[in-house]
Number of protein chains: 2
Amino acid sequence: MVHAPEIIENLKRRGFRETPVRFRLLELLSNSSTPLSVPEIIGKLSQQNLKPNKTTLYREIDFLMNQDILVEVRLHDRKKRYEITQQHHHHLVCLKCDSITDIKLKQDLGREETRLAKRFNFAIERHALEFFGYCNNCQ
Amino acid sequence: MVHAPEIIENLKRRGFRETPVRFRLLELLSNSSTPLSVPEIIGKLSQQNLKPNKTTLYREIDFLMNQDILVEVRLHDRKKRYEITQQHHHHLVCLKCDSITDIKLKQDLGREETRLAKRFNFAIERHALEFFGYCNNCQ
DNA sequence: TATATTAATGCAACTTAGTTGCGTTTGTCA
DNA sequence: TGACAAACGCAACTAAGTTGCATTAATATA
C-alpha cells in the first residue's frame with residue numbers, strides 16, 4: 001500500500017504544498033479498497049468534518065492525475081471514480097451493491113493489442129476491462 | 001446487417017406500434033458503423049427534419065433495450081451510446097476524433113471468467129473491454 | 001370508416017456530475 | 001515577516017439524463 005505522507009513529501013520536494021484537502025484525500029484513497037467518485041469523496045470527508053468545495057476536489061484530482069498519482073476508473077454508471085495509481089489491474093463490479101473488487105488477469109492482452117494495432121493501424125494507449133455481475137453477498 | 005423494417009415487423013407482431021421515431025431511430029442505428037449517443041441521435045435526426053423530444057428518445061431507447069434490440073455501450077466520456085444488438089464484440093476508440101471501430105477478439109475471456117467466478121464467488125453477467133488510442137488518421 | 005384503447009409523445013421542471021471565472025486565502029521560502 | 005504563487009471557495013453555468021403529467025396518434029375491431 002502507498003502512504004499519503006510519502007506522496008506528499010515527494011510533492012513538496014517538487015515545489016507543491018501540503019494542504020489539508022490534499023492530505024486527507026490521499027489518506028482516504030490509500031485506505032480505500034475501491035475507487036471513489038467525487039460525490040463519494042465529499043461524503044466521506046464531510047463525515048470527518050472536512051468540507052472542501054467540489055471545485056477544489058475536482059481540481060485537486062486533476063492535479064494528482066497529472067502527477068500520475070491518481071488514475072481515473074470508469075465503470076457502469078456515469079460517475080468517474082479515482083484510485084491511487086498502482087499496477088495495471090481490472091475490476092469485478094457488483095451490479096447490486098456497487099462493490100468493486102480489484103483483480104489481476106492471468107491472461108495477457110499484449111498479443112491481442114499487437115494484432116489489433118497492426119490490423120487497424122491503431123496506436124493503442126490503454127485498455128479498460130471490467131467484469132460486471134453479482135458478488136458473494138448479492139447472489 | 002439488421003434492417004429496421006424487419007425489427008419493426010417483429011415488434012408489431014408483439015402488439016407494439018410503428019412510429020416515425022421508432023422507425024427512423026432504428027434506421028439510423030442500423031446504418032451507423034458506430035454506437036451513437038442521444039445527443040448525437042438528436043443531431044442526426046434533426047438534419048433529416050425529425051425533431052423528437054429527448055424524453056421520447058430516452059424512452060424509446062429504454063424500450064428497445066428491454067426488447068433486446070439495442071445495447072448500451074460505455075466508453076471514455078460520460079455519454080451512454082447505443083447500438084443494434086449484435087454478436088458480442090469490442091471497440092477501438094480514438095482519443096482524438098472519437099471514431100469507434102468494432103473489433104472481434106481472437107483471444108477468449110471465458111476461461112478467465114470461470115477462474116474469477118470461482119476464485120471470488122462472483123457471478124459474472126458480462127464484461128466490457130475497450131481499447132483506447134489513436135486511429136489511422138489521427139496518429 | 002368511425003371509434004375506443006393505450007402506446008407513444010411532448011413539455012416543463014428537475015437532478016446530478018462536472019466546469020469556468022474570478023476574487024480570496026494560505027503554505028512556503030527567502 | 002512579507003511576497004508570491006499554489007490552493008481554495010463561491011456562484012453561476014453546462015450537459016446528460018429523469019420524472020410527472022397532460023396530449024396525440026397508431027391500430028384493432030366494430
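In this predicted model, 40 residues of chain A are in contact (heavy atoms within 4.5 Å) with 40 residues of chain B. Residues are numbered from 1 along each chain as its sequence is written, chains are lettered from A in the order written, and side-chain values use heavy atoms, leaving out hydrogens and water.

**The interface**

The size of an interface is often given as the accessible area lost when the parts come together. Here chains A and B bury about 3,600 Å² between them, 59% of it on carbon and sulfur atoms; that is the area lost to a 1.4 Å probe, summed over both parts. What holds polar groups across the boundary? There are 22 residue pairs in polar contact between the chains, both residues at pLDDT 80 or more. A polar contact here is a pair of N or O atoms within 3.5 Å, where within protein one must be able to donate a hydrogen and the other to accept it, and residues adjacent in sequence count only if both atoms are side-chain atoms. The salt bridge count between chain A and chain B is 0, taking a side-chain nitrogen of Lys or Arg within 4 Å of a carboxyl oxygen of Asp or Glu as the test.

On chain A, the elements giving two or more residues to the side that touches chain B are strands E4 (90-94), E5 (100-103) and E6 (123-134), plus helix H5 (110-120). Helices (H or I, at least four residues) and strands (E, at least two) are DSSP runs, numbered from the N terminus. E6(A) brings the largest share, 12 residues.

**Strand pairing**

Strands count as paired if DSSP finds at least two bridges between them.

| Strands | Sense | Bridges |
|---|---|---|
| E6(A) and E6(B) | antiparallel | 11 bridges |
| E4(B) and E5(B) | antiparallel | 4 bridges |
| E4(B) and E6(B) | parallel | 4 bridges |

**A closer look at E4(B)**

Is strand E4(B) mostly covered or uncovered? Mostly covered: 5 of its 5 residues are buried, meaning under 20% relative accessible area with a 1.4 Å probe, protein chains only. In a regular strand the side chains alternate between the two faces of the sheet. In E4(B), His90(B), Leu92(B) and Cys94(B) lie on one side, His91(B) and Val93(B) on the other, and all are buried.

Leu92(B) has Thr101(B) as its bridge partner in E5(B), and His91(B) has Glu130(B) as its partner in E6(B). The hairpin of E4(B) and E5(B) has 5 residues between the strands, and there Asp98(B) takes a positive phi near 70 degrees.

Note on methods:
Buried area = accessible area lost by both parts, 1.4 Å probe. Buried < 20%, exposed > 50% of the residue type's maximum accessible area, 1.4 Å probe, protein only.
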